[in-house]
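Please look through this note with the model open beside you. Take one point at a time and find each residue as you read.

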Amino acid sequence: MRSRISSFIMIPSFLSVIIFMLYVFFRSYDRISYLVHPITVSFLIITTISLWILEFINNLIFRKKLQFLAEEEKKKIFEENEGNYFYRFYKFIFHDPKKMSDGVKKIDHGFDGIIELDNQLPMWWVHLFYLTIVFSAIYFFSYLLMDFSNPYKEYEIAYKNQLKEIEIFEKNTPQATIENAFFKDHLINSGKILFDENCATCHQSDGSGNIGPNLTDDYWINTKEKDLFKNIFSIIWNGSDNNPTMRAFGKSGEIKGNDIEKISSYVYFINQKSKKPLIYKAPQGKKITEWSRI
Ligand code: HEC
């Protein structure tokens with residue numbers, strides 16, 4: 001019997017299934033670039049060539065066989081092979097329209113007068129069914145024995161990639177320094193979040209002071225810069241010279257320049273706004289009204 005599916009349908013579909021499976025498996029290994037690896041490419045080429053050769057040999061055998069067949073059988077085979085490839089393919093997948101009309105087995109259930117037509121299942125259905133069995137077997141074992149589709153492994157890979165991206169982002173993002181940082185309105189909110197995380201334990205969330213001084217009044221212990229914002233930035237960056245409790249967040253690398261700019265914006269904002277906390281720590285340091293005159 002000659003193969004009813006021509007090679008030019010068979011080969012592309014076969015190859016696309018292989019490529020799809022490779023894609024699915026390698027993707028979970030984070031090695032998708034292996035798909036264009038010389039080994040994979042030559043594997044695909046060799047498969048294509050061997051399929052063509054098989055088809056060719058098959059054809060030869062078929063022709064040889066034809067010579068020894070009786071007239072009647074030959075006629076039957078020619079009938080089966082009539083039409084072009086597409087017609088035969090159609091006949092294979094769906095039903096042979098000729099066979100449908102006659103020769104269908106009828107099952108008489110007798111008691112209810114209903115007669116059941118026992119049509120052959122269409123090939124597309126049968127093959128789809130086989131495909132699901134193969135697919136589930138592949139999926140089952142690869143899920144069981146390999147990292148394929150393993151949520152923990154996928155999480156690990158995604159997490160590592162995320163860390164790498166953050167590292168690259170931080171490397172390529174210039175950090176604010178005391179020279180180029182200045183008060184920005186839109187940084188106040190994110191600055192508050194960072195202040196709550198890093199500073200509120202000693203200064204209170206509203207900056208009214210606790211172990212550390214009140215940051216909302218005009219009294220300052222540390223006055224290293226001639227500008228309030230720069231002074232705040234400088235203390236957070238360098239810490240306090242006279243009290244190590246206020247540590248050098250910037251210098252030690254604990255907080256990056258961009259985040260210090262945000263925190264400084266928040267501190268500057270709560271210091272400058274007219275509404276002050278009701279409860280606050282007693283003033284410490286010098287009262288400063290004009291920073292430029294320090
Ligand atoms: C472990 C407690 C602690 C933490 C955490 C802390 N501070 Fe301080 N902070 C202090 C102390 C104590 C001082 C007083 C230093 C001195 O006497 O010179 C101070 C001083 C300051 C000053 C200068 C005040 C002045 O009058 O000179 C600023 C501004 C400041 N802190 C901001 C911050 C910010 C912003 C953070 C968070 C990134 C922070 N602090 C975290 C304890 C802390």
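This is a predicted model: local features need pLDDT of at least 70, side-chain atom pairs count only at pLDDT 80 or more; totals for chains, interfaces and linings use all residues.

The points below go from the whole chain to single sites.

1. The protein chain has 11 helices and 4 strands. Of its 294 residues, 26% count as buried. Now take the contacts between residues at least 6 apart in sequence: 61% of them join residues at least 24 apart.

2. **The iron site.** Which residues coordinate the iron atom of the ligand? They are H203, through NE2, and M246, through SD. The distances are 2.0 to 2.1 Å. H203 lies in helix α9, and M246 lies in the loop between α10 (228-238) and α11 (257-272), so the pair ties together parts that are 43 residues apart in sequence.

3. **Geometry at the iron.** The iron atom of the ligand has 6 donor atoms. The angles among them run from 86 to 178°. The site is octahedral.

4. Are H203 and M246 buried or partly exposed? H203 has 10% relative accessibility, so H203 counts as buried. M246 has 22%, so M246 counts as partly exposed. The cut-off for buried is under 20%.

5. **Q204, a residue to check.** Phi of Q204 is near 70°. That is a positive value in a residue other than glycine. Most residues other than glycine have a negative phi. Q204 sits in the loop between α9 and β3. Its relative accessible area is 34%, so Q204 is partly exposed.

6. **G207 in the loop.** G207 also has its place in the loop between α9 and β3. Is G207 buried or exposed? It is buried, with a relative accessible area of 0%. Leave aside its neighbours within four places in sequence. G207 is then in contact with F195, P213, N214, L215, T216 and I270. Take F195 from that list: G207 and F195 are 12 residues apart in sequence. In space, their C-alpha atoms are 9.0 Å apart.

7. **D217, a buried charge.** D217 lies in the loop between α9 (200-203) and β3 (219-220). D217 is buried yet has no salt bridge. Where is the nearest side chain of opposite charge? It belongs to K276, and it is 7.6 Å away. The side chain of D217 does reach the backbone nitrogen of Y219, at 3.3 Å. Leaving aside neighbours within four places in sequence, D217 is in contact with N271 and P283.

8. **Salt bridges: the count.** Side chains of opposite charge can pair when their charged atoms come close. How many salt bridges are there? The count comes to 8.

9. **K256 and E170.** K256 lies in the loop between α10 and α11, and E170 lies in helix α7 (residues 151-172), so the pair ties together parts that are 86 residues apart in sequence. K256 is partly exposed, with a relative accessible area of 38%. E170 is partly exposed too, at 37%.

10. **E261 and K184.** E261 lies in helix α11 and K184 in the loop between α7 and α8 (188-198), so the pair ties together parts that are 77 residues apart in sequence. E261 counts as buried, at 6% relative accessibility. K184 is partly exposed, with a relative accessible area of 22%.

11. **D196 and K192.** How are the two residues placed in helix α8? D196 and K192 are 4 residues apart there, so about one helical turn separates them. D196 is partly exposed, with a relative accessible area of 34%. K192 counts as partly exposed at 31% relative accessibility.

Note on methods:
Residues are numbered from 1 along each chain as its sequence is written. Side-chain values use heavy atoms; hydrogens and water are left out. Buried means under 20% relative accessible area, exposed over 50%, partly exposed in between (1.4 Å probe, protein chains only). Lys and Arg count as positive and Asp and Glu as negative; His and the chain ends are not counted. A salt bridge is a side-chain nitrogen of Lys or Arg within 4 Å of a carboxyl oxygen of Asp or Glu. A polar contact is a pair of N or O atoms within 3.5 Å; within protein, one must be able to donate a hydrogen and the other to accept it, and residues adjacent in sequence count only if both atoms are side-chain atoms. Contact means heavy atoms within 4.5 Å. Donors are N, O and S atoms within 2.8 Å of the metal (3.2 Å for Na, K and Ca); water is not among the atoms, so sites may look incomplete. Four donors count as tetrahedral if all angles lie between 85 and 135 degrees; four count as square planar and six as octahedral if opposite donors are over 155 degrees apart and all others between 65 and 115; anything else is irregular.
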